[in-house]
Amino acid sequence: MATNIEIEAKVLITEKEYNNVLTHFKDRVIKEYDQTNHYIDSDDLALKKLGIGCRIREKDGNYTLTLKAPMSEGLLEKDENLTKDQFSALVKSAHFPECNIEDFIRMLGVDPETLRIQTALKTHRVEVFYEDNTYEFSVDKNSYNNQVDYELEMAGASLSKAKENLKSICLRTNTFYKDNLRSKETRALESIVR
């Protein structure tokens with residue numbers, strides 16, 4: 001199981017701003033790809049109530065289970081690679097994979113047997129170099145539950161540095177800057193009609 005700390009600044013943008021950013025940085029695109037996040041929780045959102053996020057990211061035929069827990073700055077991420085069969089078992093029969101993340105969820109007082117995929121969000125991501133290839137940021141188009149939104153994400157060693165870089169990108173591209181504090185998972189879960 002891999003563990004790391006994710007520190008990101010994020011901004012929700014309009015479709016017009018999204019197109020402006022892509023046009024402005026078209027010569028600095030590193031790569032683009034599609035990925036789908038399958039968000040996992042109980043029907044009463046027990047993990048969300050604890051501030052915990054859980055997802056399986058499907059990308060290029062690979063499946064990564066990730067659990068995110070808040071820290072004073074950023075998120076603690078725990079990742080485990082899954083097989084396609086493990087992913088399918090969760091989709092078809094709500095069988096949560098046996099792994100270290102399952103043990104961690106039990107320690108939180110949540111029964112993994114109550115967990116299932118609640119919703120999914122597909123992202124078309126364009127990764128772009130910024131400022132002499134020192135930093136990179138992501139330009140995302142997200143589709144979920146008949147909705148589409150657009151987002152910029154900048155990772156950094158500190159939240160203040162990530163925000164500073166993201167503000168500079170927004171200034172260069174005439175994009176309105178406002179911190180986005182609602183994660184992809186939160187937006188996708190809130191869009192479910194219950």
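Within β4, Ile-56 is the bridge partner of His-38. The structure is a predicted model, in which local features require a pLDDT of at least 70 and side-chain atom pairs count only at pLDDT 80 or more, whereas totals for chains, interfaces and linings use all residues. Residues are numbered from 1 along each chain as its sequence is written, and side-chain values rest on heavy atoms, with hydrogens and water left out.

The protein contains six helices and nine strands (DSSP runs numbered from the N terminus: helices are H or I of at least four residues, strands are E of at least two). The radius of gyration, taken over C-alpha atoms, is 17 Å, close to the 16 Å that the globule rule (2.2 Å times the number of residues to the power 0.38) gives for 194 residues, so the protein is as compact as a globular protein of that length. The C-alpha trace spans about 50 × 35 × 30 Å along the principal axes of the protein.

The nine strands form an open sheet in the order β1-β6-β5-β4-β3-β7-β8-β9-β2, with antiparallel pairing (two strands pair if DSSP finds at least two bridges between them). Its edges are β1, residues 2-6, and β2, residues 8-13, each of which pairs on one side only. On average, neighbouring strands of this sheet are turned by 30° against each other, direction ignored (axes are lines fitted to C-alpha atoms, for helices over the stretch in contact, and angles run from 0 to 180 degrees between N-to-C directions).

The strands β5 and β6 form a hairpin with four residues between them, where Gly-74 adopts a positive phi near 95°. Further along the order stand β4 and β3. Strand β3 (residues 29-41) runs antiparallel to β4 (residues 53-59), and four bridges join the two; the pair of His-38 and Ile-56 belongs here.

Strands β7 and β8 are antiparallel and share nine bridges, and Tyr-130 has Tyr-135 in β8 as its bridge partner. Eight bridges connect β8 to β9, again with antiparallel direction; here Phe-137 has Met-154 of β9 as its bridge partner. A hairpin with two residues between the strands is formed by β8 and β9, and Asn-145 in its turn has a positive phi of about 45°.

Which helix lies across β2, β7, β8 and β9? Helix α5, residues 159-172, lies across β2, β7 (116-130), β8 (135-144) and β9 (147-155) (contact means heavy atoms within 4.5 Å). The helix runs at about 120° to β9.
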